[in-house]
Amino acid sequence: MTSRRVSRLLVALLTAGTMFGATVASPSAASADARIAATVCYDTSQAGSFAGIANQAATIWNNATVNLTLSNCGSNLRIYQITGGGSYAVRTSLGNGRVYIDTQQAAQYSPLRIMTHEIGHILGLPDNYNGNCALLMSGGSAGTSCTNPYPSTAEANRVSNLFAGTRASADTGSQVFRDSWPVFSVAPVG
Ligand SMILES: [Zn+2]
């Protein structure tokens with residue numbers, strides 16, 4: 001009857017209204033140009049005896065993250081072997097920069113932990129000197145006995161998220177990270 005037709009119409013209108021009200025403006029698709037290249041090419045031609053360790057560190061990061069592949073294919077990231085002065089990282093932009101591994105520190109600390117830590121800076125992570133060996137970015141604050149070369153889940157997820165973003169939103173800018181590995185003149189107790 002009439003009332004039935006009206007209620008049907010009402011339902012149709014309400015449905016249409018709900019659908020219309022629920023319509024979300026389609027998010028502006030990030031342009032391909034603005035997206036960060038998912039591959040970070042590193043170069044070990046000047047890494048000396050640490051070249052193999054760089055490859056191991058790349059595998060660790062690749063296994064721990066998504067949106068990112070480290071590959072020995074070029075010069076986004078150059079890895080250097082140095083003697084003295086301390087290991088450090090120079091990040092020019094997210095996924096780009098240089099890592100310096102000090103042979104003297106690598107004789108005290110795990111070379112693989114140093115390598116994955118310094119690469120972590122290139123991948124956007126800051127230092128976190130809380131002494132927790134479960135964290136990669138605690139660096140030397142966890143002591144020379146800490147040989148853990150793996151990022152925590154939170155650290156790995158942060159890198160994945162940075163590389164899932166756009167250059168503008170994720171780029172952490174140019175920065176130098178030094179003194180992550182304090183010198184122990186005497187072996188620390190415990
Ligand atoms: Zn550091």
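What makes the arrangement of the four donor atoms around the zinc ion irregular? The angles do: the donor atoms subtend 94 to 145° at the ion. For reference, the ideal angle for four tetrahedral donors is 109.5 degrees. Note that this is a predicted model.

**The zinc site**

The protein donors are His117 (NE2), His121 (NE2), Asp127 (OD) and Ser180 (OG). They lie 1.9 to 2.1 Å from the zinc ion. Along the chain their spacing reads H-x3-H-x5-D-x52-S.

His117 and His121 both sit in helix H4 (residues 111-122). They are four residues apart, which means a separation of about one helical turn. An α-helix has 3.6 residues a turn, so residues three or four places apart point the same way.

A second polar contact, of 3.1 Å, links the side chains of Asp127 and His121. Beyond its sequence neighbours within four places, Asp127 is in contact with His117, His121, Met137, Phe177 and Ser180. Asp127 and Ser180 are 53 residues apart in sequence, yet their C-alpha atoms are 7.4 Å apart in space.

**Burial at selected residues**

| Residue | Relative accessible area | Class |
|---|---|---|
| His117 | 0% | buried |
| His121 | 0% | buried |
| Asp127 | 22% | partly exposed |
| Ser87 | 2% | buried |

**Ser87**

Ser87 is in the loop between strand E3 (77-82) and strand E4 (88-93). A polar atom of the Ser87 side chain lies 2.9 Å from the backbone nitrogen of Asp102. Leaving aside neighbours within four places in sequence, the contacts of Ser87 include Tyr100, Ile101, Asp102 and Gln105. Ile114, Glu118, Asp179 and Trp181 are also among them.

**Helix H5**

Helix H5 covers residues 153-164. At 1.5 Å a residue, its twelve residues should span 16 Å. The end C-alpha atoms are 16 Å apart, which agrees.

Which residues of H5 are buried? They are Glu155, Ala156, Val159, Ser160, Leu162 and Phe163. These cover an arc of only 160° around the axis, so they fall on the same side of H5. The face turned away from that buried side carries the exposed residues Thr153, Ala154 and Asn161.

Definitions and conventions:
Residues are numbered from 1 along each chain as its sequence is written. This is a predicted model: local features need pLDDT of at least 70, side-chain atom pairs count only at pLDDT 80 or more; totals for chains, interfaces and linings use all residues. Side-chain values use heavy atoms; hydrogens and water are left out. Donors are N, O and S atoms within 2.8 Å of the metal (3.2 Å for Na, K and Ca); water is not among the atoms, so sites may look incomplete. Four donors count as tetrahedral if all angles lie between 85 and 135 degrees; four count as square planar and six as octahedral if opposite donors are over 155 degrees apart and all others between 65 and 115; anything else is irregular. Helices (H or I, at least four residues) and strands (E, at least two) are DSSP runs, numbered from the N terminus. Buried means under 20% relative accessible area, exposed over 50%, partly exposed in between (1.4 Å probe, protein chains only). A polar contact is a pair of N or O atoms within 3.5 Å; within protein, one must be able to donate a hydrogen and the other to accept it, and residues adjacent in sequence count only if both atoms are side-chain atoms. Contact means heavy atoms within 4.5 Å. The expected span of a helix is 1.5 Å times one less than its number of residues. The arc is that of the directions from the helix axis to the C-beta atoms.
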